[in-house]
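Q: Please take a close look at one part of this structure for me, the place where the chains meet. I'd like one connected walk through it.

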Amino acid sequence: MSILENRVVKRIIDSLKWIARSSMLRSILVLSLVAAICSLALAYTNITTRGSVREVVRVALEDAAEHLGNYAEIIEVHPKGYGGDIHMVIGVSENGEVTGVVIIGMNETPGLGSKIEDEDFLNQFIGKRAGVSVGKGSNNVDAIAGATVSSKAVAEGVAHALEIFAELSAGGGE
Amino acid sequence: MGNQLKNGLIYQNPVLVLLLGMCPAIAISTSIFNGLGMGLCTTFVLFFSNITISALRKVIPENVRIASYIVIIATLVTVVDLLLQAYMPALSRSLGLFIPLIVVNCAVLARAESFANKNTVLASAIDGLSMGLGFTAALLAMSAIREILGAGMLMGRNIFPSGFQPVQLMTLAPGGFITLGCIIALKQWMSNRKGGKA
């Protein structure tokens, strides 16, 4: 029994020696420290810039309201695009038609998905009703070539906004 | 120090000689505003990443160096991104995803790997600055040509009489490659001529 125990202890000591010699622990330690310090730096930057970033978004939202046509309600949605959430606002008229769409922020692929900001694409939504999607038909819009995921995301965002509007007006009517 | 500056700006210009950072160089250089903004952001990142990595060159073990460099570079880029979002929203909006993509600009990692981890902090700082300015200069040259020909504008102002028809190709990616090729050819011709005389 004691021989076996001795062997186990020896194995453990050998492994510890190997770890120390291979400088693996040192690598782990240094990389963790670098990551921790960098996180702190980022947290600090985030805290100091947060107020201004919010202000920029608020101004962008105010500007957007001027490009939404003759709306009764502005609805803000964040559908999931190809490169994260797309921040957009939709103007809806009293009878539930889209009066305008503005993209506030997005991270879609430059040159492809980023074309969802083009007026040619966004103006297609004007006058559309609940259930709008990408495809052929009178209540549908054309997707941007090479950017189907991004186009669909915007259409879903608009459809979702119209659902919210329907719920709002149903709740308000009662 | 003078040599180092010349290296970054001319002899080892990251865009025109080393052909690093092609993606932002082609994609962003459509207007002087974008080119200058991108160039200065990259210079900022290069300068501070070179300093940090050089200062830590004896602390970071060989086998985790690339991971550590990427963490440091990514942090600096995110700081730039947040600052632009907060204080220069117009530039942040027009550069968009290309700001976060500075992380993978090979010019930044290349300088960390081939210069900053072998040289003193001061030398690395100068190297970062000169490489960044070289990058900015190349972007400025490209974006000036593309903005003049592609949009008929300089610094956002119309410079041609109203009859001028802008060349749309110049604002697209092929125009970027053509401009880059012409600038590289010009640079080669000039340095060959200089070499011939000496």
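A: Between chain B and chain A the count is 1 salt bridge (a Lys or Arg side-chain nitrogen within 4 Å of an Asp or Glu carboxyl oxygen). The partners are B:Arg93 and A:Glu117, whose closest N and O atoms lie 2.9 Å apart. On the chain B side, the elements giving two or more residues to this contact are helix H4 (65–87) and helix H5 (89–95) (DSSP runs numbered from the N terminus: helices are H or I of at least four residues, strands E of at least two). H4(B) contributes the most, with 12 residues. By class, the chain B side has 15 nonpolar, 5 polar and 2 charged residues (charged being Asp, Glu, Lys and Arg; nonpolar Ala, Val, Leu, Ile, Met, Phe, Trp, Tyr, Cys and Pro; polar the rest, Gly among them).

A word on the basis: this is a predicted model, with local features needing pLDDT of at least 70 and side-chain atom pairs 80 or more, while totals for chains, interfaces and linings use all residues. Residues count from 1 along each chain as written, chains are lettered from A and ligands numbered from 1 in written order, and side-chain values use heavy atoms, without hydrogens or water.

Now the whole interface. Chain B and chain A each bring 22 residues to the contact (heavy atoms within 4.5 Å). The area buried between the two chains is about 1,800 Å² (accessible area lost on joining, 1.4 Å probe, summed over both), and carbon and sulfur atoms give 72% of it. B:Leu82, B:Arg93 and B:Leu97 supply 26% of what chain B buries against chain A, more than any other three residues.

B:Arg93 and A:Glu117 turn up again in the largest pocket, being among the five lining residues closest to its centre, along with A:Ile104, A:Met106 and B:Ser94. That pocket has a volume of about 1,800 Å³ (an open set of 1 Å grid points with protein on both sides within 12 Å along at least five of seven lines, lined by residues with an atom within 4 Å of a point; the volume is what 1.4 Å probe spheres on the joined points fill). Its 50 lining residues divide into 24 nonpolar, 17 polar and 9 charged.

Finally, A:Met106 sits in the loop between S5 and H3 of chain A.
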